[in-house]
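This report describes the strands, helices and nonpolar cores of one protein model. Please consult the sequence and the structure shown below while reading.

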Amino acid sequence: MPTTEEARARLAAIPGLTVTTCTPLSGYTRFGIGGPADIYAETGSVEAFAAAMAAARASGVPTVVIGGGTNLIVSDRGFRGIVLRYRADRLAAEGRLVRAEAGAVLQDLVDFTIERGLQGLETLAGIPGSVGAALYGNAGAYGHSISERVACVRFFDGEAVRAVGNRECEFRYRESVFKRQKEWIVLSAELAMEAGDAAGLRQVAGEILRVRNEKFPVTMKCAGSVFKNLLFAELPAAAAAQVPPSAVREGKVAAAWFLEQAGAKGMRRGDIHVADYHANLIYNGGAGTAADLGALIGELKARVRARFGLELEEEVQYVG
Ligand SMILES: Cc1cc2nc3c(=O)[nH]c(=O)nc-3n(C[C@H](O)[C@H](O)[C@H](O)COP(=O)(O)OP(=O)(O)OC[C@H]3O[C@@H](n4cnc5c(N)ncnc54)[C@H](O)[C@@H]3O)c2cc1C
């Protein structure tokens, strides 16, 4: 039987890895919710991170990798296992090729490219979190996603560091191979950018940021949209028949549209609330719990299922 104490001892022996025990995960999630991790370890060194992954694997103790915690729902009981975070955050440019380490803040990458007059990431301005998780979930906004720029991704496959090209990443809407291969942890990416005008790009990003900050105030304890939007072509016929053409954009229907018809706006459970201006935005008023959050998400799914015969799928990721 693997023991947490054995795992802690193995991790503590790795140079460059910071290890703590019984670490409250509420401090590592934007929801501000989550009980303790048995072990929490982080590093900015690729060698230490690979060694930590290998040690965690060898110990047999359940392990999860997190980024900035902006898309996570962590259980109130926390996580019985090891939580790892890779914090390497270097950004570098060579002509139109940009290299970004997974621990870099996505907004820093966006700013870095704009400053250099490199076009292609400006519509991702204001998406919180890290570059690694953005690749994992193919983050995007305003009709674009990070996958459009990816030339290759370096990752740790559980045993060795490997690289894959864009096609092998199997990017789709909020999907990638890294979501299915849970052992594959993104270390860095090379992004192929286009030449642009820095002032113009700054203006586009600035306007997007302004709109986003109104919708998602920076202090709001939330995960952005909780549910994925839906492809119109994949809707059950009965649901598709109820969607007005004006609700279809770029082939997708916002999950918020279905939620709104189901009366989601303003719903609450304990101190967990659905925003009264956006049916796909759930936030913690300050004293919320993962139990209430899970119950509210379950109720929203049940309402949409009953009304449209449709299963909403969470964009947020669960830990514990
Ligand atoms: C206010 C707000 C607005 C948002 N708006 C958008 C939006 O417009 N578009 C959008 O796409 N998202 C949006 N999001 C969601 C969130 O920003 C993204 O999902 C982001 O990519 C999560 O980054 P993170 O570093 O916080 O990841 P975390 O929340 O820490 O983790 C998310 C997932 O990524 C995995 N992961 C983390 N690092 C790695 C790695 N190195 N390798 C492999 N897997 C990894 C984790 O295991 C976890 O499953 C929004 C969130 C908030 C709070």
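In what order do the strands of the open sheet of four strands lie?

## The four-stranded sheet

The order is β15-β21-β20-β19, and the pairing is antiparallel. Strands pair if DSSP finds at least two bridges between them; strands (E, at least two residues) and helices (H or I, at least four residues) are DSSP runs numbered from the N terminus. The edges are formed by β15 (221–225) and β19 (268–269), each of which pairs on one side only. Within the sheet, β20 (residues 272–274) and β21 (residues 281–284) are joined in the antiparallel sense by three bridges, and Val274 stands opposite Ile282 in β21.

Helix α9 (residues 290–308) lies across β19, β20 and β21 and runs at about 30° to β20. Angles run from 0 to 180 degrees between N-to-C directions, with axes fitted as lines to C-alpha atoms, for helices over the stretch in contact.

## Basis of the model

The model is predicted: local features need pLDDT of at least 70 and side-chain atom pairs count only at pLDDT 80 or more, whereas totals for chains, interfaces and linings use all residues. Residues are numbered from 1 along each chain as its sequence is written, and side-chain values use heavy atoms, with hydrogens and water left out.

## The five-stranded sheet

A further open sheet is formed by five strands in the order β6-β7-β13-β11-β12, with antiparallel pairing. Its edge strands, β6 (91–94) and β12 (161–165), each pair on one side only. On average, neighbouring strands of this sheet are turned by 20° against each other, direction ignored. Five bridges link β11 (residues 150–156) to β12 in the antiparallel sense; Cys152 has Gly165 in β12 as its bridge partner.

Helix α2 packs on the sheet and touches β11 and β13 (185–192), its direction making about 140° with that of β13. Helix α3 (residues 106–115) lies across β6, β7 (97–101) and β13, at about 30° to β6.

Buried means under 20% relative accessible area, exposed over 50%, and partly exposed in between (1.4 Å probe, protein chains only).

Strand β2 (residues 36–43) runs parallel to β5 and is joined to it by six bridges; Tyr40 stands opposite Val83 in β5. Strand β3 (residues 63–66) also runs parallel to β5, through four bridges, with Val65 opposite Leu84.

## Nonpolar cores

A nonpolar core is a set of buried Ala, Val, Leu, Ile, Met, Phe, Trp, Tyr and Cys residues joined through side-chain atoms within 4.5 Å. The largest has 57 residues, of which Leu135, Val153, Phe178 and Leu191 touch the most other members. Helix α2 (residues 46–59) supplies the largest share of this core, seven residues. A second, separate core of 34 residues includes Leu259, Met267, Leu293 and Leu312.

Contact means heavy atoms within 4.5 Å. Not counting residues up to four places away in sequence, Leu135 touches Ile146, Val150, Val153, Phe171, Ser176, Phe178, Val186 and Ala189.

## A buried lysine

Lys179 belongs to helix α5 (residues 177–180). Lys179 is buried yet has no salt bridge, defined as a side-chain nitrogen of Lys or Arg within 4 Å of a carboxyl oxygen of Asp or Glu. The nearest side chain of opposite charge, Glu175, is 4.4 Å away; Lys and Arg count as positive and Asp and Glu as negative, while His and the chain ends are not counted. Leaving aside neighbours within four places in sequence, Lys179 is in contact with Tyr136, Gly137, Arg174, Lys228 and Gln317.
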